[in-house]
Amino acid sequence: MPIRTPMRWAEALLLNTAPKQTAAIVEEREAPSQIQEPRKMDDSYSQLILPFSSDPQLLELYMNASGSLRIGKLMEHLDSLAGSIAYKHMLGPGVETLGQIHERGFYIVTAAVDRLDMLTQLNPSRDLLLSGQVIYTGKSSMEVAVKMEHTGSDQPEETVLLGRFSMVCRDAHTHRAYKVNPLIVLTPEERALYAIGEEIKERRQSLALRSLSRVPPSSKEAEELHRYFLTYGQDQTNLTVKDAHEERVWMGDTKVEKTMLMFPQERNVHQKIFGGYLMRLAYELGVSNAIMFTRGPVQFISLDGISFSRPVPIGSILRLTSHILYTTSSDDLSSVVHVGVKANVADVQTGSEHTTNDFRFTWYQEHEKGAKIPRKVVPKTYQEAMLWLEGKRALELGAEIRGQRPK
């Protein structure tokens, strides 16, 4: 059940120009109580196999310049898979096609991507299994867990990536919250997964309440930021002998942009630009920025979060802006780079822009002993300082979730 559009663009244009329904008809459709049939957790299980070991032509489409796989393209598949899983939960495992959204009476959108954590490096010589299922439901929301595994050959299966998507269901006519089918939790394993989904939702709400856009940093964070500024934010003549060997880069000087027109070929079933496509664009811009900043190849650690504020309309002008937000070094001499990518839609008539998506990624680069000390990104304004602290929080949370740094 692909999440991409089953309708030709010409038909979608005709549908958009059709007379709008009256409020009375919409209110009449609101009358049903939306009593949904409970679903088992494995009813929504879905998987996709990419047979790289036996299909060299397929592998060619996914290979990057260094001989590994394009993670941005795989993220695009994960977003599509999460959407398909959510629709499968709502429609039931026996339904094979999505059909028209206005006939179904509801639609599902990605509200946020909680995390995507890379646990080991991709091996292009092995098949890749992408799978997932709904693990938690609220009133109109679903938590979808996804997994990427090496499979096939004589080697044991190996988990490559784990991730969580938050999906919300909306009425197709009123665009208000639409009740989702509740979950039936049967086994201890399912109860554990349900608890994880509940914890993810609670953590996301807690992080929102502690967001630096709403409340000031803690005293410990403020002290660390002040100490960092005294060390790296002063004139170069004030740096210590040790620090003078480290190259300071102002956060504002790490800006990388990309502007493009959004075409209908990249739309989803809601006739908006497909979220997975935006994920791929943001990933590719972010990794380009990370490579230029570290002056060498980098390895992906995690997608630390995506917020979906507004849909991106077809035909709009999208501006992607990337900054290096936080840098640090680990004990094993690897440099870690946290990158933010903001997606804005531009209004060509007024010149104003509004943010549709905010992406956060983390990469790392190994350094041999005796190599030059990594570059440091330094905030100059208060807004940049808050972004620096947000990056620090994201890395600490990621390290806590993964249990250990990737080697």
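**View 1. The second largest pocket of this predicted model holds about 930 Å³ of space.** Its lining counts 26 residues. Closest to the pocket centre are Leu207, Ala208, Ser211, Asp304 and Gly305. Several elements give two or more residues to the lining: strand S3 (106-118), H6, strand S10 (299-308), S13 and H9. Helix H9 supplies the largest share, with six residues. By class, the lining of this pocket has 10 nonpolar, five polar and 11 charged residues.

**View 2. Helix H9 covers residues 382-402.** This helix has 21 residues. From the first C-alpha of H9 to the last is 30 Å, close to the 30 Å expected at 1.5 Å a residue. The buried residues of H9 include Trp388, Leu389, Leu395 and Leu397.

**View 3. Tyr136 and Tyr194 form one of the 13 aromatic pairs in the structure.** The two ring centres lie 4.9 Å apart. An angle of 55° separates the planes, and the pair is tilted. Tyr136 belongs to strand S4 (residues 127-137) and Tyr194 to helix H6 (residues 188-209), so this contact ties together parts 58 residues apart in sequence. Tyr136 counts as buried, at 10% relative accessibility. Tyr194 is partly exposed, with a relative accessible area of 25%.

**View 4. Tyr283 and Phe361 form an edge-to-face pair.** Their ring centres are 5.8 Å apart, with the planes at 85°. Planes over 60 degrees apart count as edge-to-face, which is why this pair gets that name. Tyr283 sits in helix H8 (residues 275-294) and Phe361 in strand S13 (residues 353-366). The pair links distant parts of the chain, 78 residues apart. Both Tyr283 and Phe361 are buried.

**View 5. Five aromatic residues form one cluster.** The members are Tyr283, Phe300, Phe359, Phe361 and Trp363. Tyr283 and Phe361, the edge-to-face pair of the previous view, both belong to this cluster.

**View 6. Two charged side chains sit over aromatic rings.** Arg375 lies over the face of Phe293, at 5.0 Å from the ring centre. The charged end of Lys380 sits over the ring of Trp250. Here the distance to the ring centre is 4.5 Å.

Terms used: Residues are numbered from 1 along each chain as its sequence is written. This is a predicted model: local features need pLDDT of at least 70, side-chain atom pairs count only at pLDDT 80 or more; totals for chains, interfaces and linings use all residues. Side-chain values use heavy atoms; hydrogens and water are left out. Rings of Phe, Tyr and Trp (its six-membered ring) pair if their centres lie within 6.5 Å; planes under 30 degrees apart count as stacked, over 60 as edge-to-face and the rest as tilted. Helices (H or I, at least four residues) and strands (E, at least two) are DSSP runs, numbered from the N terminus. Buried means under 20% relative accessible area, exposed over 50%, partly exposed in between (1.4 Å probe, protein chains only). A charge sits over a ring if NZ of Lys or CZ of Arg is within 6 Å of the ring centre and within 35 degrees of the ring normal. The expected span of a helix is 1.5 Å times one less than its number of residues. On a 1 Å grid over the protein atoms alone, a cavity is a set of points where a 1.4 Å probe fits but cannot get out, and a pocket is an open set with protein on both sides within 12 Å along at least five of seven lines; lining residues have an atom within 4 Å of a point. Grid points are joined across faces, edges and corners, and a volume is the space filled by probe spheres set on the points. Ala, Val, Leu, Ile, Met, Phe, Trp, Tyr, Cys and Pro count as nonpolar, Asp, Glu, Lys and Arg as charged, and the others, Gly among them, as polar.
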